[in-house]
2 protein chains.
Amino acid sequence: MKLYGFPASPNTWKVRAAAHQIGVPLELEIVDLTKGAQRKPEYLALNPTGRTPTLVDGDFKLWESSAIMQYLGSKKKTPLWPDDAKARADIARWQSWHLQHWSRGTTILIFENLVKKIMGIGEPDAKALAQGTELFHQDAAMLDAHLGRHPYLVNDTLTLADFTVVAPLFHAEPAKIPLEKYGNIKRWFGAQAALPAWQETAPRR
Amino acid sequence: MKLYGFPASPNTWKVRAAAHQIGVPLELEIVDLTKGAQRKPEYLALNPTGRTPTLVDGDFKLWESSAIMQYLGSKKKTPLWPDDAKARADIARWQSWHLQHWSRGTTILIFENLVKKIMGIGEPDAKALAQGTELFHQDAAMLDAHLGRHPYLVNDTLTLADFTVVAPLFHAEPAKIPLEKYGNIKRWFGAQAALPAWQETAPRR
């Protein structure tokens, strides 16, 4: 299977980290977001949204990272995506929450504080930063409370839910994501950052 | 199973419509969003995000409508959620796309043009409307092209993907969602609007 993506993007990184943990090999094809490669016709033929990553497995082309992770989890028996309806719905709950809520604040902070600097496209916008910070704290408070009662998001064990929700935090420092007061999130993030799955798929600096 | 929700909200309506189509009975408990019932302690004990809907099945409390629909689909054999890894990942792709992209434009238009009027909380904001309209057209163009090649989103048959993505369009008229030029979306929406599953779960006007 081939994964078309950009290693430094959280969406590509988390898919590669999950594939590593599951033990499914992925051949990486770089789509250089800094050069607009995601808008070239050959990429749009794989993924008409012009976003990354995209998985290609024979004639099946799959985009959206949560869906890709679930598909990889179905390729090989794995505790990350257990064959149990309740556990899978619980994982899908956190992946949905990430897409609809958690990713919004974190994406704004990563864009304003990190992407703009890398791309040389100006200073962070104060109004956007304030909005991103407010969204972040709303969601972080709930997440921190949950992680105060549980070591991981679902069934007290590592699953695809953790790989999805933790991903933006790998850019917390340069993106100035205000994690300071969230001790449970920091503990949970630290446990995952220590995994070879994340370390061996990390973008080269 | 009990569903805590607000019948006029697209998120509650689509879960009830999908449950009807699958043939799984749900007992509805109204959470009156117009009175802030979603922020009362007894509701927050079920769902700490303070959003609707929430499914309660014994001691399993599940929130996020896409996850709830998948769980209902696993309760009874149904073509809406086929027991096939590729089909399920494909459905999850469209549900993810809805959460991250499609819902953003449509939610803004529904809030500005419809919710504000119902709640009596002022006129639509021109800047928000412009942003919502721009987001909507970006996503609608891709969706319309896909539906020009396929009668439904996944495997040319009705699935949970359709129930998820079509839901905001049930408010298209009062929310002034600009569907005019998207003939394929309109045909696909019409086919679903004719289903008893949507009609019999419609909010009372």
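Helices here are DSSP runs of H or I with at least four residues, strands are runs of E with at least two, and both are numbered from the N terminus. The model is predicted, so local features need pLDDT of at least 70 and side-chain atom pairs count only at pLDDT 80 or more, while totals for chains, interfaces and linings use all residues. Residues are numbered from 1 along each chain as its sequence is written, chains are lettered from A and ligands numbered from 1 in the order in which they are written, and side-chain values use heavy atoms, leaving out hydrogens and water.

Start with how the two chains sit together. Contact (heavy atoms within 4.5 Å) links 31 residues of chain A with 31 residues of chain B.

The size of an interface is often given as the accessible area lost when the parts come together. Here the two chains bury about 2800 Å² between them, with 60% of it on carbon and sulfur atoms; this buried area is the accessible area (1.4 Å probe) lost on putting the two parts together, summed over both. A salt bridge puts a side-chain nitrogen of Lys or Arg within 4 Å of a carboxyl oxygen of Asp or Glu. Two of these cross the interface, and A:Arg51 also pairs with B:Asp139 in a salt bridge at 3.9 Å, N to O.

Over all chains, the structure has 12 salt bridges. One of them joins A:Asp57 to A:Lys75 at 2.8 Å, N to O. A:Asp57 belongs to strand β3 (residues 54-57) and A:Lys75 to the loop between α3 and α4 of chain A, so this pair ties together parts 18 residues apart in sequence.

On a 1 Å grid over the protein atoms alone, a cavity is a set of points where a 1.4 Å probe fits but cannot get out, a pocket is an open set with protein on both sides within 12 Å along at least five of seven lines, and lining residues have an atom within 4 Å of a point. Points are joined across faces, edges and corners, and a volume is the space filled by probe spheres set on them. The whole structure has one cavity of 30 Å³ or more, and the largest cavity has a volume of about 80 Å³. Its lining includes A:Ser66, A:Gln95, B:Ser66 and B:Gln95. Helices α3 (65-73) and α4 (85-119) of both chain A and chain B each give two or more residues to that lining.

The second largest pocket has a volume of about 500 Å³. Of its 23 lining residues, A:Lys61, B:Asp90, B:Arg93, B:His146 and B:His150 lie nearest the centre. β4 (60-63) of chain A, along with α4 and α5 (126-149) of chain B, each supply at least two lining residues, and α4(B) has the largest share, with five.

Most residues other than glycine have a negative phi, and most peptide bonds are trans. The bond joining A:Thr52 and A:Pro53 is cis, with omega about 0°, and A:Pro53 lies in the loop between α2 (41-44) and β3 of chain A. B:Thr52 to B:Pro53 is cis as well, with omega near 0°. A:Asn155 has a positive phi, near 55°.
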